[in-house]
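The structure is shown first.

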Amino acid sequence: MAPAAAVTRWLRQMPIRWRLTLMFAAVMAVLLAALIFFLYFHFRSDLDYNIDQSLSARAQDVAGLVRQQDAAQTRGALGQLPTTPSNVVQVLDQSGRVLGASAGFTQPPLLRVEELPDAGARAKLIERGTSLRLYALPLPDDHKIVVVGVSLAERDAALDKLDNDLAIGVPPALLLATLAAYILAAAALRPVERMRQRAATISTDEISTRLPLPDSNDEIRRLGETLNRMLDRLEEGLSHERMFVANASHELRMPLAVLKAELEVSLREHGGEQALRSAMASAAEETDRMIKLAEDLLLLARAEDGTLPIDPHDLAVEELLAELGARFSPVLERAGRSLEIDATAVPAGTAVHADPDRVEQAVANLIDNTLRYGAGPATLSASLAGASVEVHLTDHGPGFGEQFLPHAFDRFSRADPARRRGGVGLGLAIVRTVAQAHGGTAGVGNLPGGGADTWLALPQAPQLAPLIHDPVHT
């Protein structure tokens, strides 16, 4: 494994607070190194500038003294200058001969032979290793060169002191900053740790428990709020599923109990063939009820998994309503009611892209709903709603209760809960499932003059009407 990959893997396995601390320490170390580099060279540049300015000023002073006095006086005056290395002064002629110097520096010449031409032409700074700096100032009118020098020992001592101060002060500063970063990271992540500990205790038995939120209004609080909203949705879904299982169990238990009772009665009594036939007919009815419930539950389960099979085709609305009317009119007639078909609200040739079997299944549930809770003649109609076609079933019954409307499509919800033999409350849920499988919607409402209105919206297909040719222009 490459060293870089090993380091990356090692960092990923570390706690976040340590990773943040190491990252901060690394960035801080780079910044401090850059700052030290800048301070050192800036300080050195300032010292060199001050030294150069001092040499220039001293050279000008000596040049003025040379112009005012003759050679003998110049030699005497320069000899009175201090003899320390920081006060090196010489006056040279164009050939490099020393005409005057500060005490102790009469020989040898400070300038080398090869440096004389350049120094005689213009002012020049000259380095002598790392310990001495010279400044040569030409005096063209007098054919002389003034040379002053200074030792760099004091500058180097100041730089060494700066190095020592930085070496003593920077590591503790970096250590303190890193410690502060660790404390800050630990404090920032403490709410996350509390949320983790609380989340570890949440189970399906304690789904109502929520994560603790920090007092600050930051990203961690928003994360906690988002997770709590997720827990709200999970609790709602779990509660819904528990209610679904309980209701399904109840609905299955009732027909099984009735079936068992019918069979027990038929075994105990000896009423002849007619009584046995009646018991068997009742048992068959309860069996059909259980089969219908199992099919409905299976359909809803497939819809939740996204596997509800549909085979859509382009269906002309007029033909679809006519077929549905022919299919369900006898059902309502047996109940003493009628079914009217109304396709006048949609233009001729309007079509939907839908699975005819699923649409029939949805309409069958609407018909079953109006048979159980509606009254009077029913009307199956269609209308346009944007890019969809709504298939409506209306009746003249009492309509839906206002409290039932928001829950009409919930599983096991009934418009009249007191009617235990009136269905299991899955019909409208299946209608919505079929509509959603086609990319549509479903709805319920009450008519202004009384009666219920239930519908499902299906996607509209391209027009199916054939082109009408004008015989005059063909």
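## Salt bridges

In total, 13 salt bridges are counted. The model is a predicted one, and every value in this report is computed from it.

Asp48 and Arg133 form one of these salt bridges, with their closest N and O atoms 3.7 Å apart. Because Asp48 belongs to helix α2 and Arg133 to strand β4, the pair ties together parts that are 85 residues apart in sequence. Both Asp48 and Arg133 are buried. The two also take part in a network of salt bridges that links Asp48, Asp52, Arg133, Arg155 and Asp156.

| Salt bridge | Closest N to O distance |
|---|---|
| Asp48 and Arg133 | 3.7 Å |
| Asp93 and Arg97 | 3.3 Å |

Asp165 and Lys161 both sit in helix α5, 4 residues apart, or about one turn of the helix. Asp165 is partly exposed, with a relative accessible area of 40%, while Lys161 counts as exposed at 52%.

The order β2-β1-β5-β4-β3 describes an open sheet of 5 strands with antiparallel pairing. The edges are taken by β2 (98-101) and β3 (124-128); each has a single partner strand, so one side of each is left without a neighbour in the sheet. On average, neighbouring strands are turned by 20° against each other, direction ignored.

Helix α2, residues 16-68, packs on this sheet and touches β1, β3, β4 (132-139) and β5 (144-151). The direction of α2 makes about 40° with that of β4.

Strand β1 covers residues 88-93 and is joined to β2 by 3 bridges, the two strands running antiparallel. Val91 has Gly100 in β2 as its bridge partner.

Lys144 is located in strand β5. With a relative accessibility of 16%, against a limit of 20% for buried residues, Lys144 counts as buried. Leaving out residues up to four places away in sequence, Lys144 touches Val66, Val91, Leu92, Asp93, Gln94, Leu99, Leu137, Pro138 and Leu139. Among these contacts are Val91 and Asp93, described above as the bridge partner of Gly100 and the salt-bridge partner of Arg97, respectively.

## Surface patch on the nonpolar side chains

Met23, Val27 and Leu31 form a nonpolar patch on the surface, and their accessible area together is about 300 Å². Met23 is part of helix α2 and counts as exposed, at 55% relative accessibility.

Helix α5 spans residues 153-201 and contains Pro191. Pro191 counts as buried, with a relative accessibility of 11%. Which residues does Pro191 touch, not counting residues up to four places away in sequence? They are Pro214 and Ile220. Pro191 and Pro214 are 23 residues apart in sequence, and their C-alpha atoms are 6.1 Å apart in space.

Helix α10 runs over residues 427-437, and its buried residues are Leu428, Ala429, Ile430, Val431, Thr433, Val434 and Ala435. Gly439 follows α10 and has a positive phi, near 85°.

How values were computed
Residues are numbered from 1 along each chain as its sequence is written. This is a predicted model: local features need pLDDT of at least 70, side-chain atom pairs count only at pLDDT 80 or more; totals for chains, interfaces and linings use all residues. Side-chain values use heavy atoms; hydrogens and water are left out. Two strands pair if DSSP finds at least two bridges between them. Axes are lines fitted to C-alpha atoms, for helices over the stretch in contact, and angles run from 0 to 180 degrees between N-to-C directions. Contact means heavy atoms within 4.5 Å. Buried means under 20% relative accessible area, exposed over 50%, partly exposed in between (1.4 Å probe, protein chains only). Patches are made of residues with over 30% relative accessible area and no salt bridge: like charges are joined within 9 Å, nonpolar side chains (Val, Leu, Ile, Met, Phe, Trp, Tyr) within 5 Å. Accessible areas come from the Shrake-Rupley method with a 1.4 Å probe; for residues, only the protein chains shown count as cover. A salt bridge is a side-chain nitrogen of Lys or Arg within 4 Å of a carboxyl oxygen of Asp or Glu.
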